[in-house]
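Let's take a walk through a structure together, one stop at a time.

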Amino acid sequence: MHLNESGPGLPLSAVDFHVLLVLAGRTLHGYAILKSVEAESEGAVSPEVGSLYRVLARMMAAGLVEESSAPASAPRVHRGRSRRYYRLTREGRALLKAEARRLASAVAIARNRAILPEGAKS
Amino acid sequence: MAAWADLVFRAALFFYPKRFRERFGESMLETLAERLGERRREGTAAGLAFVAGASANLVATGLCERLDERRSGIPSRRRKSGMGTWLGVSLKEARFTLRSLGKRPSFTLTAVATLALGVGANAAIFSVVRAVLLDPLPYEEPGKLVSVVSRWPDSQSRLTSMSHPDLVDIEAGTASIDVLAGYNTTNMTLTELGEPEVIEIARVTKGLLETFRAAPLIGRDLASFELGPEGPHVVVVGYGFWRSRLGGGNDVLGKTVTLDGVAHEIVGVAPREFRFPERAELWIPSRMKPEDCGRGCHSLAGVGRLADGGSVDSAQAELDRLAENLEAAYPDSNTNKRFTVRSLRDQIVGEARPGLVLLLGAVGLLVLIACANVSSLLLVRASTRTGEIAIRIAIGASRTRLVAQALLESLLLAFAGGALGLAVAAGSLDLLLRLAPALPRIENVAIDVEVLLFTLATLLLVTVLVGTAPAFVLLRAPVRSGLANAGSPGPGRHRFRNLLLVFETALASLLLVGAGLLLKSFSALYAVEPGFDARNVSRFTALLPEVRYNSLEKVRRFYRELEERVRMIPGVESAGSAWGPPLGRARATGKVLVTGRPEPEPGEEHEASIQSIGPGYLETMRIAVVRGRGLVASDDFGSEPAALVNETFVRENFPSEEPLGREVSMTIDLGYGSPAWRIVGVVADVRSRGLELEPSPEIFVPHGLYGPESMTVTVRSRPGAVILPEVRDILRDMDPAVAIHRIETMTEVVEREIAPTRFHLALVGAFAGLAALLAAVGIYGVVAYAAASRTREIGLRLALGAERASVSRLVLAQGLKPAALGLTLGLAAAYLGGQAIEAVLFGVHPRDPSVFFGTSVLLLAVALVATLLPARRAGRIDPVRAIRFE
């Protein structure tokens, strides 16, 4: 796996992780990313628009995320403005997987120490 | 997205490097727009908060992005010369300045918070002033719209309406006025669209849309052939009415709206921005012919449009001539009658102007005080840096560069304060609007582009004001002595800071005088005896459809039954109804004729307003009968017409005669004839027209003999009794087509009168409090710093035998002297500029000595408290340690 110097390393920040996570297997535009991050983190992570695009720019520079054409179901132009869509690259996916694995093992430890009940969501 | 929000975001995007902006800018705007739309659904405040927060984030992340690019060596901009170089240097300087500000967080926070308070309050007040006073009316060529009113120069009467024949003559007889329409507003009961409801209707003598050159959204305006008594029942509906009650469909033309039981055909829909007269929802043609009511009958307001080339002044000149001609031709009705033309905007917002201008002035003073404070803080910083600056100059830094840096520092502080201030303004706007009395056009208040531009201009001014003094000190910084005793300030800085102190206390005392005067007005208003007892009284107005209640007998029977049944509601102590009750909107004024006296010459008549009251009304309002008797149930249909008059009426019409038993008649008819009334009692004066206005002559006549079909029922109940649902039940039972409106408690009515003064007091008081606080901080800062920098000298004095008390006195004087000087100047300014505030005062002279005295005591006390701490500290200096220091 090749990572640019400026790209994020492990562990990922919460915003980075959630942005990668919402893009896993999907192609989304900026606003949709924002909404999905909020939804999937149950409101815990809610980046400002400026911060989100900075994260996206950094990830694109690091080759984790790339621009994509609009999915067939969505219009490319919305209210007269062009919409850009983003998706994970193979590197992005690998990094996300590594982070998810790291978190999963942390959760397993938490379970072992009876911090979390077995199989509970939170 | 609101255009202004888009503009703010676009501006904020400029903080990003160009490459970034080009790549992501459009998508970011798109995302921001979606986000804003989402927040706006939670309310205006949430939307404004989002714009403020998101733009702050854009600025911050944009700057970070720039720094990152530089660090990673990506060229963000090619530096050649001119602007580029300057920007490059400035960026470097900005980083340096930012770092140095960051190193002194308490200083930076104090300065930014001080400026944010000033700038934020300023932006909030300006947003109100702009929407209410400055914005042009939303019509074509709004400057040409005028209102015309009648006026009697030598009478106290505030009657301002026009008679129909006068209107017609003015339109025909002046070249400056192109069109002139008459209108009045009335309440009608709307049925067949849900529960019956009372709504406000304008009756017009000419289509108002055409007069305003507003194109109808659908259909057309009222046409001239529809006017007059034989005209068809047609209506133009307002945008809000069309949307909320007719569903906003395009197929409304030809449908009908039932008003007072009569179907009116819809011929047009007014455009959204058309709101005139302010609360009218529907416009119907006047059914009156000009000659119906005559020249003495002032029932219309005039609104028109100036002709091309006409001005308010030229129209006024023509009106003056015309009024004289009319006076000669119709002496009975037009003696002493003049006409006043003014721009429609003045008519709409005129009353709100003095208060708002006062607030804008007060908040401007606050900004100046904030500037003086921050400037003073910067001066301290500049003086602690004398050594560093001397070294930098000695090794070749140019003074201009140092000055530029000092200005840059104040620029950064100003803009940080401004950004925070705008957030404060956006956050406090809701509160401000809740506090505000009923101001016209207040629904348009928002933090928009114009407010942002105004704030930007304020910030540039703040930068200059704040930065000039420190920059000046830097320019004159002596290199050699600066190097010799780096750290100790020269005398120049003290003089500057003392000047700032004087300035600051002067402005603060001006604000305190203003607040004191308003406080006195407020308590004077509260102390006004209105002539009735407002506690536990509530009232509502019922409107009977004219078609079915077409005789006085039917109207009378309805209200007597309603009153009787309301009195049965548990908790109700008494009830009575009136037409034209105090502090309401209904009012009819006419001339008084005393039987047995020759008819007065034109211009010599006395006027009085007439109230029609039912049994139980005076008791319910606790209006005292001072002589004779009150009206009783037997003063009714079929009995001899009896009337009550108030004390002012007696003073005007029977100054030296016995009024009881005399007969008077009124030249005004509410629709059922106007007999001669026998005066049977005198009641105490009531401030009917407004708490701040002296009582005017009034005559009270029995509703059973003389009364319109829209009466206000007044109810006195035990505290906590809930009567409204019961009233609604009773009405539904009596006649489901009758709607009630203007449901209010008398306490609310009185509060509404006090609301403008309360609003001004709350704001000016808050500004004055802040000003006093800032002045205290300023005085403390200067004195404490001066005392600290004189530690060594004080130590020497003590060592040489000076008494500690005398040292404390020395320091005390240092703070109190400039404060006293500032106070004197401030009071002098308040004394000379008193008329600026006069218009919003009540019962207090703008040069009220107790207010001036109170301000002096308060301000000197503040100065004393601020000085005491450093003075005591100076008295406790240990001479040995002080001399050893350094």
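Where in α27(B) does a kink lie? Before you go looking, bear in mind that this is a predicted model. Now find B:Leu868: the kink is there, at about 35 degrees, shortly before the proline B:Pro870. The helix itself, α27, runs over residues 849-875 of chain B and has 27 residues. From its first C-alpha to its last it reaches 37 Å, close to the 39 Å expected at 1.5 Å a residue. Quite a few residues of α27(B) are buried, among them B:Val851, B:Phe852, B:Leu859, B:Val862 and B:Ala866.

Now try another helix of chain B, α14, which covers residues 386-394. Its buried residues are B:Thr386, B:Ile389 and B:Ala390. An α-helix has 3.6 residues a turn, so residues three or four places apart point the same way.

Time to head for the inside. The largest nonpolar core has 215 residues, and B:Leu511 and B:Ala771 are the ones with the most contacts inside it. What does B:Ala771 touch, leaving aside its neighbours within four places in sequence? Its contacts are B:Leu365, B:Leu366, B:Ile369, B:Leu507, B:Ala508 and B:Leu511. Another core lies apart from that one; it has 53 residues, including B:Val537, B:Ile699, B:Leu705 and B:Ile740.

Next, pick out B:Val466 in helix α16 (residues 449-475) of chain B. Is B:Val466 buried or exposed? It has 30 other C-beta atoms within 10 Å, and 20 or more is enough to count, so B:Val466 is buried. Some of the residues around B:Val466 come from elsewhere in the sequence: B:Ser410 is 56 residues away along the chain, yet the two C-alpha atoms are 6.2 Å apart in space. Setting aside sequence neighbours within four places, B:Val466 is in contact with B:Cys371, B:Val374, B:Ser375, B:Leu378, B:Ser410, B:Leu413 and B:Ala414.

B:Ala739 belongs to β22 (residues 739-745) of chain B, and it counts as buried because it has 23 C-beta neighbours inside 10 Å. B:Ala739 and B:Leu544 are 195 residues apart along the chain, but their C-alpha atoms are separated by 7.7 Å. Not counting residues up to four places away in sequence, B:Ala739 touches B:Thr189, B:Pro196, B:Glu197, B:Val198 and B:Leu543.

Most residues other than glycine have a negative phi, and most peptide bonds are trans. B:Glu141 isn't a glycine, but it has a positive phi of about 40 degrees. You'll find B:Glu141 in the loop between α5 (105-134) and β1 (145-151) of chain B, and with 13 other C-beta atoms within 10 Å, it is partly exposed. B:Asn336 also has a positive phi, near 65 degrees. This residue is in the loop between α11 (331-334) and β11 (338-343) of chain B, and it counts as partly exposed, with 16 C-beta neighbours inside 10 Å. For a cis peptide bond, go to the link between B:Phe276 and B:Pro277, where omega is about -15 degrees. B:Pro277 is in the loop between β8 (262-269) and β9 (282-285) of chain B.

Our last stop is chain A. It has 4 helices and 5 strands, which follow the pattern α-β-α-α-β-β-β-β-α along the sequence. Of its 122 residues, 30% count as buried. And where does chain B meet chain A? The contact takes 19 residues from chain B and 16 residues from chain A. On the chain B side, the elements giving two or more residues are α2 (18-40) and α3 (44-71), and α2(B) gives the most, with 11 residues. That side of chain B divides into 7 nonpolar, 7 polar and 5 charged residues.

Technical notes
Residues are numbered from 1 along each chain as its sequence is written. Chains are lettered from A and ligands numbered from 1 in the order in which they are written. This is a predicted model: local features need pLDDT of at least 70, side-chain atom pairs count only at pLDDT 80 or more; totals for chains, interfaces and linings use all residues. A nonpolar core is a set of buried Ala, Val, Leu, Ile, Met, Phe, Trp, Tyr and Cys residues joined through C-beta atoms within 7 Å. A residue is buried if 20 or more other C-beta atoms lie within 10 Å of its own, exposed if 12 or fewer, and partly exposed in between; C-beta atoms are placed from the backbone. Two residues are in contact if their C-beta atoms, placed from the backbone, lie within 7 Å. The expected span of a helix is 1.5 Å times one less than its number of residues. The bend at a residue is the angle between axes fitted to the seven residues ending there and the seven starting there. Ala, Val, Leu, Ile, Met, Phe, Trp, Tyr, Cys and Pro count as nonpolar, Asp, Glu, Lys and Arg as charged, and the others, Gly among them, as polar.
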